[in-house]
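The tour below goes from one selection to the next.

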Amino acid sequence: MVEAMPLETLIELVNGWGTDPRREDGRSDQPYPSAAEIEERFGVRVGDRVLAGIADRLHPVFTTSGSTERARLVTGLLSETGVRPELHADGDLLHAGWLVQEERDTVLAAAAVALRDYLAQHDSRRLGACADRRCADVYVDTSPGGRRRFCSVTCQNRTRVAAFRNRRSAAG
Ligand SMILES: [Zn+2]
């Protein structure tokens with residue numbers, strides 16, 4: 001059974017395993033969440049290469065700036081995994097869930113379902129990628145104003161410092 005992936009986990013997965021996020025800031029540490037942690041949370045065994053592949057499939061959903069393209073990408077992930085709605089009983093209570101045919105599609109389907117749920121309820125520009133040129137991490141903007149542009153305060157400060165230096169050297 002597939003359950004929508006918490007967005008926080010989804011972001012960690014994309015930033016921890018994605019090829020671009022890892023390359024841009026030269027990370028060499030062991031990605032978080034680890035394959036073992038993913039297995040524990042989603043009940044499926046996934047190899048490192050599969051996790052990196054999943055992260056790379058999700059990354060463009062955040063980096064694209066067009067809402068039409070974003071919708072197209074998520075729809076593509078949903079159909080590719082063949083995830084479908086189901087009902088299951090817990091005593092007399094019925095719960096809504098999702099199923100996939102192939103167990104290996106569980107993690108990508110959990111992410112696709114979460115993105116679908118989120119984007120159907122929020123401005124799609126709430127998903128984004130860091131504006132720092134040396135960072136490709138992604139984020140969900142949960143701020144009240146919805147004007148977030150950086151993955152972290154670290155990146156925001158680095159960009160501010162660089163802009164300040166540029167202005168100072170331009171001023172001569
Ligand atoms: Zn960043």
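Two strands count as paired if DSSP finds at least two bridges between them. Helices (H or I, at least four residues) and strands (E, at least two) are DSSP runs, numbered from the N terminus. This is a predicted model, in which local features need pLDDT of at least 70 and side-chain atom pairs count only at pLDDT 80 or more, while totals for chains, interfaces and linings use all residues. Residues are numbered from 1 along each chain as its sequence is written.

**Stop 1: the hairpin**

Select residues 84-90, strand β1, and residues 93-99, strand β2. The two strands run antiparallel and are joined by 7 bridges. They form a hairpin with 2 residues between them. Pick His-88 and look across to its bridge partner in β2, His-95. Asp-90 is bridged to Leu-93 of β2. In the turn, Gly-91 has a positive phi of about 65°. Most residues other than glycine have a negative phi.

Are these strands buried or in the open? A residue is buried if 20 or more other C-beta atoms lie within 10 Å of its own, exposed if 12 or fewer, and partly exposed in between, with C-beta atoms placed from the backbone. Of the 7 residues of β1, 0 are buried, so β1 lies largely in the open. β2 is hardly covered either: its count of buried residues is 0 among 7.

**Stop 2: the cis peptide bond**

Go to the loop between α2 (19-24) and α3 (35-42), where Pro-33 is found. The peptide bond from Tyr-32 to Pro-33 is cis, with omega near -5°.

**Stop 3: α1 against α4**

Select residues 7-17 (α1) and 48-63 (α4). They pack at an angle of about 110°, with their axes 8 Å apart. Axes are lines fitted to C-alpha atoms, for helices over the stretch in contact, and angles run from 0 to 180 degrees between N-to-C directions. α1 and α4 are therefore roughly perpendicular to each other; angles under 35 degrees count as roughly parallel, over 145 as roughly antiparallel, 65 to 115 as roughly perpendicular and the rest as oblique.

Which residues of α1 meet α4? Show Leu-10, Leu-13, Val-14 and Trp-17 of α1; across from them in α4 are Leu-51, Ala-52, Ile-54, Ala-55, Leu-58, His-59 and Phe-62. Contact here requires C-beta atoms, placed from the backbone, within 7 Å. By class, the contact of α1 with α4 has 10 nonpolar, 1 polar and no charged residues. Ala, Val, Leu, Ile, Met, Phe, Trp, Tyr, Cys and Pro count as nonpolar, Asp, Glu, Lys and Arg as charged, and the others, Gly among them, as polar.

**Stop 4: α4 against α5**

Arg-57, Pro-60 and Val-61 in α4 meet Arg-70, Leu-73, Val-74 and Leu-77 in α5. This contact of α4 with α5 has 5 nonpolar, no polar and 2 charged residues.

**Stop 5: the whole chain**

Zoom out. The protein chain has 7 helices and 4 strands, in the order α-α-α-α-α-β-β-α-β-β-α along the sequence. Its C-alpha trace spans about 75 × 35 × 25 Å along the principal axes. Of the 172 residues in the protein chain, 28% are buried.

Definitions and conventions:
Two residues are in contact if their C-beta atoms, placed from the backbone, lie within 7 Å.
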